[in-house]
Every structure is written in structure tokens, then in C-alpha cells.
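Subject: Structure for your review

Dear colleague,

Please find below the structure that I am handing over to you.

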Amino acid sequence: MTTATAYIGTPVSRVDGQAKVTGAAKYAAEFKAPRLAHGVIISSAIARGRIVRINAAQAIALQGVLEIFTHENISGLAIEDACFADALSPPGSPFRPLYDDKIQYSGQPVALVIAESFELARFAATLVQIEYEAAEHDTSLEARRGHAYVPEKYRMGEPVAARGDADAALAGAAVRIEADYSVPVEHHNPMEPFASTAIWEGDDRITVYDKTQGVLSSKQYICNVFGLNEDAVRVVSPYVGGAFGSGLRPQYQLFMAVLAARALKRPVKVVMTRQQMFTFGHRPATLQRLALGADKDGRLVALTHAAIGETSRFEEFAENVVNWSSLLYRCDNTRLAYKLVQLDLYTPIDMRAPGATLGLFALECAMDELAFAAGIDPLGQRWPHAVGQDIEFLK
Amino acid sequence: MNNFSYTRVSDVASAVREVAADSTAKFIAGGTNLVDLMKENVARPGRLIDITQLPLNRIQGTEDGGLRLGALVRNADTAYDETVRARYPLLSKAILAGASAQLRNMATNGGNLMQRTRCYYFYDTATPCNKRKPGAGCSAIYGFNRIHAILGASDQCIATHPSDMCVALAALEASVQVQSSEGQRQIPFAKFHRLPGDTPQIDNTLQPYEIITAIDLPPRGFAENYCYLKLRDRASYAFALVSVAAALEMDGDCIGTARLALGGVAHKPWRASDAEEILNGKPATLENFKQAAAAVVRHAKSYGENDFKIELAQNVIVRALQLAVSMEQPA
């Protein structure tokens with residue numbers, strides 16, 4: 001009989017390990033097809049404002065440049081917002097690539113250059129002149145913390161209701177600490193960049209090799225956005241070179257590759273640059289304040305934890321940052337709060353232990369501070385309150 | 001990337017003749033920086049002259065008892081050369097503090113001197129940059145400038161020189177051997193790189209028609225008391241926020257001769273002569289180290305995100321001097 005413990009202490013090879021380390025694994029950008037065309041995405045140079053003029057004449061004149069897609073020349077897409085949403089879209093209005101002249105964040109894709117070779121597409125992209133009208137932008141959570149609001153919908157569960165009277169308990173505590181924790185934006189940036197190779201099969205049929213953590217999500221997106229039948233769209237993702245959550249939603253290179261393949265009736269590959277890997281979802285920057293109180297023996301008697309996260313102006317990404325603080329340690333007087341600030345950035349996306357990484361980092365730091373203030377061993381201070389110590393495994 | 005032509009040369013005379021004949025030409029050796037710049041459309045040479053076949057790949061003694069490092073010797077081979085390790089360990093340590101093993105295997109000594117700043121805005125062609133496009137403006141002065149200069153910058157450019165190797169070469173008073181069709185000349189290391197002033201597009205005093213053939217190290221190697229201390233945001237594969245090359249000749253408990261150079265703080269490897277003067281002939285005490293460090297940053301100017309560098313630089317100087325005296329290795 002195989003039990004979980006049979007694997008403990010025994011080396012186990014990944015199923016796909018050998019293929020990956022020997023280079024045999026084929027990733028989305030490595031699929032080829034006859035007449036494959038290459039796409040390079042141009043990113044916005046401003047963080048907010050609008051595109052006034054696009055002059056692509058010099059680029060399109062180059063022999064081998066096939067097309068330059070912008071908001072000015074694309075058509076035949078879904079009209080409804082809902083078509084651009086996916087199963088994990090937070091509430092709001094999903095981002096639509098190349099939709100209009102509006103710039104909502106720095107690095108927003110504004111044009112797609114398609115050419116016979118990657119090198120030519122990249123060179124042609126440098127010749128496309130884009131004139132912007134820049135508007136003031138807000139990208140600093142710290143600067144906008146005064147504009148924090150309570151989200152309409154808690155995507156991952158709302159903060160646990162207050163227990164006892166945290167303020168009174170804090171005021172009466174023998175030992176008290178208060179501390180602020182600030183975490184900057186974190187980008188997933190896996191080794192494999194986002195890439196899609198879209199093979200147009202004719203008769204409105206398409207096969208897409210996509211870097212994604214959810215082929216069905218990518219498939220649904222393509223069907224909805226481009227009005228294709230479900231049985232005419234096939235999305236394949238044999239290997240993923242790291243994603244950490246960033247592949248949970250379709251990313252904009254998928255839209256770009258399918259858009260071009262459909263319009264040009266030929267296979268198209270679009271790969272994000274390393275720089276463009278910073279231009280979509282991320283773990284949100286977060287500001288946190290904790291106040292902890294303990295009695296003279298170091299026992300936790302009061303806990304307040306307030307967090308402010310960041311979201312875009314078009315979707316409301318709320319995550320569970322603070323609830324862990326009422327779960328991990330026994331405390332009779334707790335109060336938790338979570339708010340959001342809208343910034344001119346792309347909407348955050350889940351990243352490895354979303355919310356918990358942020359909240360527990362702050363909580364654990366604060367517990368250390370409390371133990372230090374109480375003059376007791378930080379581990380010894382935690383143990384008596386650890387919830388779940390009656391679990392067999394921990395004994 | 002622009003289209004470009006490619007020529008391979010096999011002797012120095014042809015190399016300088018080819019480069020002088022085409023104002024869009026650039027030499028390429030290891031290519032660890034130039035190829036990146038070409039991919040980002042920052043460098044747009046019309047022609048690449050491959051110099052990897054030139055006979056400049058030896059390390060050998062000089063007549064005055066110093067050491068000549070061929071321009072095409074790879075950084076890794078220089079750092080692990082037995083003579084360099086025995087006589088100029090400061091240089092070896094500095095080289096190994098930079099880049100990654102893979103890059104050091106490719107990058108050449110001459111190329112290390114010629115590498116360009118890693119200022120974010122220099123690389124981002126969507127933003128103004130006086131170094132990339134003179135007169136366009138500097139995005140870093142009011143932008144993200146954590147990695148930028150605190151010494152010798154101008155209102156045109158606050159970029160830093162990124163090399164670790166060059167910081168040690170500045171402290172060791174190396175000289176750069178260059179050649180053109182006119183003949184050979186020697187550039188003292190302190191005069192090789194330059195401050196930005198009103199012409200930040202010019203990194204150094206090498207003329208476009210010249211080639212670096214070697215870097216000469218003088219006989220004094222400071223092998224008894226030295227330290228290369230580099231502070232950065234990641235423990236490896238990151239450029240210095242501040243680095244210090246300290247080289248001392250001790251005279252009992254006193255400092256006979258001090259050499260001090262800093263990286264990550266200026267448009268060029270920053271030789272701290274005023275601090276050296278304070279240290280020369282003085283007891284090796286914390287008080288004197290602090291006084292020397294304070295002298296280095298007396299005219300420092302910071303730009304917001306790099307404010308911390310003024311204090312950090314002083315701390316790194318003091319620590320590097322302490323380590324050079326004790327010869328403990330930095331953690």
C-alpha cells in the first residue's frame with residue numbers, strides 16, 4: 001500500500017523533470033508552423049493619458065512587415081465587457097487590449113507589429129511613432145493611502161468580525177507594541193515569458209500553444225472575444241516554465257497572437273519581452289499596521305491588524321491579508337480591517353499564497369516585536385497560543 | 001535591432017584602420033554589454049568589427065616590474081591568473097564581485113572598461129536620456145534614482161559607471177594602453193573615464209579611432225592589506241549600490257600609503273585622493289577612518305531615492321579599511 005509517508009525522505013523525480021532539464025520540453029514559444037509570422041508588442045511610454053497619433057508608415061513600408069495592429073484598425077471583436085472576463089476576473093471592467101486611445105497604466109500594450117521574422121518585427125517596432133497626451137498619474141500607494149476605501153465585494157472572504165474589545169484590552173495590556181509594515185509590488189516573472197503560438201487552421205478553426213495555468217480559461221476567452229465556436233478552438237499548454245499564479249488569467253499576448261492569426265490567416269507567435277513581464281498582474285503593494293498587547297506573562301490579550309492593498313482603476317482586486325491574524329494565535333480581543341486604494345496600475349493577480357504571504361509576514365514580525373518588548377523567548381511566547389497544538393501531528 | 005555588417009580582423013593595424021574608416025563602426029569582443037544594447041535599440045552600430053582574433057590575449061610582466069593585462073583576456077581568466085591572485089588580489093576580488101560566472105567567462109578586460117551605465121532610463125528608449133540622446137533631458141534626476149550617483153554628477157546626467165574591476169584598477173593606478181593609426185599612447189586610469197558635465201554621452205577619453213590593447217598594472221600591488229567590499233540589493237549578480245576598493249601599505253600600526261576608490265557613486269570609478277591624504281602616515285584607528293570617509297562625501301549630493309548612499313558610502317569605507325588592516329574577509 002502506498003501511503004504519503006512512503007515518500008518522506010525518498011528522492012522523487014518530477015514527472016516532467018528530465019524533459020525540462022534536457023531541453024526536450026517544448027514551451028508555447030517553441031512550436032513552429034509553415035509561414036509562421038512573428039509579433040512584437042509595443043508598450044505605452046506613459047502611465048496615464050491618451051494616444052494622440054500613431055504613425056506607422058515607416059515601419060509598414062519595410063519589406064517583410066505584414067501588419068501593424070492598433071486600436072485604430074482592429075474590428076470584429078466582442079462588444080460586451082463580460083466577453084473579456086475570465087473565471088478569476090475580479091469585479092469591474094476587464095482590460096481590453098488595443099481597445100481605444102486611453103492609457104490606463106505604464107507599459108500598456110498599444111500596438112502589435114507582425115513581420116516575417118522576429119528581428120524584423122522588433123526593428124519595425126522601433127520605427128512606430130506614437131504621440132501621447134500624458135495626464136497626471138498615481139502609482140504610489142503610500143501617497144494615496146488617504147484615499148483607501150472599503151471594497152464593495154471581498155473576493156476572498158471579508159475580514160473576520162471583531163472579537164471582544166481590542167481597544168480596551170490594548171489599553172490595559174502590560175506590554176504593547178505598534179508597528180507598520182510596507183511591502184512593495186512583487187512581480188511573478190517566471191523564467192518562461194508569456195507566449196502564444198496561434199495556428200490558424202482555416203474555416204475559423206484555431207490551435208493555440210499558450211503559456212497558461214488554465215487552458216480552459218484561455219479557450220473560453222478566445223471563444224468569447226473573437227466569437228469562435230468552442231469546438232473550433234483548441235488550447236494546448238504541455239509545459240509551463242513557472243507561473244506562480246500569473247498564468248491563472250489569460251494574458252494579453254494571447255489576445256495579440258489570436259488577433260493577428262485570425263486577421264492574416266496564418267500562424268503567428270507573440271512572446272512578451274522580459275520588460276513586458278512587468279506589465280500585467282502582480283502581487284499588490286500593501287501597507288499594514290498591527291497593534292499587539294500582552295499580559296505580564298507574554299500572553300496575547302489584544303490584536304488589531306489593518307491592511308491597505310492596491311488595485312487598478314478598472315477592477316477591484318481584494319485579497320485575504322488580515323484574517324490569518326485571528327486564526328493563528330488565540331486572542332480574545334481582535335479587530336481586523338482591509339481597504340483598497342485605486343492606482344494607475346494593472347489589476348493585481350494572485351501570487352503564491354495570495355494575501356497570506358503579506359499578512360503573515362506582518363503578523364510574525366509583530367509577534368517577534370512583542371516577545372522582544374516582553375523580554376521573553378519569541379518561540380516560547382508563541383507556543384502557548386498556537387491554535388491547533390492539540391492536533392496529533394504537532395504533539 | 002538595426003541591420004549591420006560584420007567584419008573579422010586579425011591584427012591591430014587592420015582593426016584601427018577599419019574603425020577609423022566608418023563612423024558607425026564598433027568593436028565587438030565578448031559582447032556581453034553591446035549585444036544587449038543593440039537588442040534594446042540603444043546602440044545602433046552600422047558595422048561590427050570582431051576583434052576576438054587579435055593577439056591581445058596574454059598576461060605578462062612589464063619592464064618596470066609591473067603586469068600587462070591583454071585587452072582580450074577574459075575577466076574570469078584575469079581574476080584566476082596566478083600572478084594576479086598573488087600580486088594583485090584586490091583586482092581579482094573586484095572582478096569576482098561582478099556579474100556572473102557566465103558573463104565573466106565571456107567579458108574581456110578592454111570591454112569591462114568600455115561597458116555603459118545600467119541607468120534604467122538609458123536602457124528605456126521610451127524615456128528621455130541625455131546620455132542616449134544629448135539634449136533630451138535626464139529622467140533619473142526626478143525619477144527612480146536608487147542606483148544613481150552622489151559624487152561628480154551634473155544636471156545633465158546622474159548615471160554611474162557599473163564596473164567592479166575598474167574600481168580596483170583606479171585604486172591600483174593602472175594605465176590603459178591604446179593604439180590608433182597615429183601610434184600608441186598611454187592613458188592614466190584616473191583620466192580614462194570622465195565625469196558627465198555637459199556631454200554625458202561621452203563616457204571616456206578613448207577616441208573613436210583608437211583601440212585598447214592592454215591595461216598595465218604598476219609594480220605595487222598592495223597584496224598584504226587590501227579589501228574590495230561591495231554592497232548591493234542582491235547577494236550576487238547585482239551592480240554595486242556602493243563598493244570600495246581599499247589598499248594599504250602598513251608601517252607598523254600606522255598607514256604608510258593608502259589607496260581608496262569607490263564604485264556605484266559616480267560617472268567614473270571614484271578615486272578618493274582627499275581621503276588618502278588624511279590616512280597617509282596616520283594610525284589605523286576608527287577615528288581616522290571616519291574622518292577619511294567624511295572627507296569623501298563632503299561634496300556629495302543625492303537625489304531622493306539615493307539619499308541613503310551618503311551614509312552607506314561612509315560606512316562601507318570605514319568597514320573596508322578595517323578589513324584591509326585586519327585582512328578578515330568580508331562576509
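This is a predicted model: local features need pLDDT of at least 70, side-chain atom pairs count only at pLDDT 80 or more; totals for chains, interfaces and linings use all residues.

Residues are numbered from 1 along each chain as its sequence is written, while chains are lettered from A and ligands numbered from 1 in the order in which they are written.

Chain A

Chain A contains 8 helices and 14 strands; helices (H or I, at least four residues) and strands (E, at least two) are DSSP runs, numbered from the N terminus. The C-alpha trace of chain A spans about 80 × 60 × 35 Å along its principal axes. Of the 395 residues in chain A, 42% are buried. A residue counts as buried if 20 or more other C-beta atoms lie within 10 Å of its own, as exposed if 12 or fewer do, and as partly exposed in between, with C-beta atoms placed from the backbone. Among contacts in chain A between residues at least 6 apart in sequence, 82% join residues at least 24 apart; a contact requires C-beta atoms, placed from the backbone, to lie within 7 Å.

Chain A has an open sheet of 7 strands in the order S3-S5-S1-S11-S8-S9-S10, with mixed pairing. Two strands pair if DSSP finds at least two bridges between them. At the edges are strand S3 (65-69) and strand S10 (233-236) of chain A, each of which pairs on one side only. Neighbouring strands of this sheet are turned by 20° against each other on average, direction ignored. Strand S1 (residues 37-43) and strand S11 (residues 268-271) of chain A are paired in the parallel sense over 3 bridges, and here His38(A) has Lys269(A) in S11(A) as its bridge partner. Helix H5 (residues 215-226) of chain A lies across strand S9 (205-210) and S10 of chain A, at about 145° to S10(A). For such angles, axes are lines fitted to C-alpha atoms, for helices over the stretch in contact, and the angles run from 0 to 180 degrees between N-to-C directions.

Chain B

The domain assignment of chain B gives domain 1 (5-52) and domain 2 (225-326); such bounds come from an automatic or database domain assignment. The centres of these two domains of chain B, taken over C-alpha atoms, are separated by 36 Å.

An open sheet of chain B has 3 strands in the order S1-S3-S2, with parallel pairing. Strand S1 (5-8) and strand S2 (25-28) of chain B stand at the edges with a single partner strand each, so one side of each is left without a neighbour in the sheet. S2(B) and strand S3 (residues 47-50) of chain B pair in the parallel sense over 4 bridges, and Ala25(B) has Arg47(B) in S3(B) as its bridge partner.

Helix H1 (residues 12-21) of chain B lies across S1, S2 and S3 of chain B, running at about 150° to S2(B). The buried residues of H1(B) are Ala15(B), Val16(B) and Val19(B). The face of H1(B) turned away from its buried side carries the exposed residues Ala13(B) and Ala21(B).

Contact between the chains

The contact takes 4 residues from chain B and 5 residues from chain A.

Yours sincerely

Definitions and conventions: Two residues are in contact if their C-beta atoms, placed from the backbone, lie within 7 Å.
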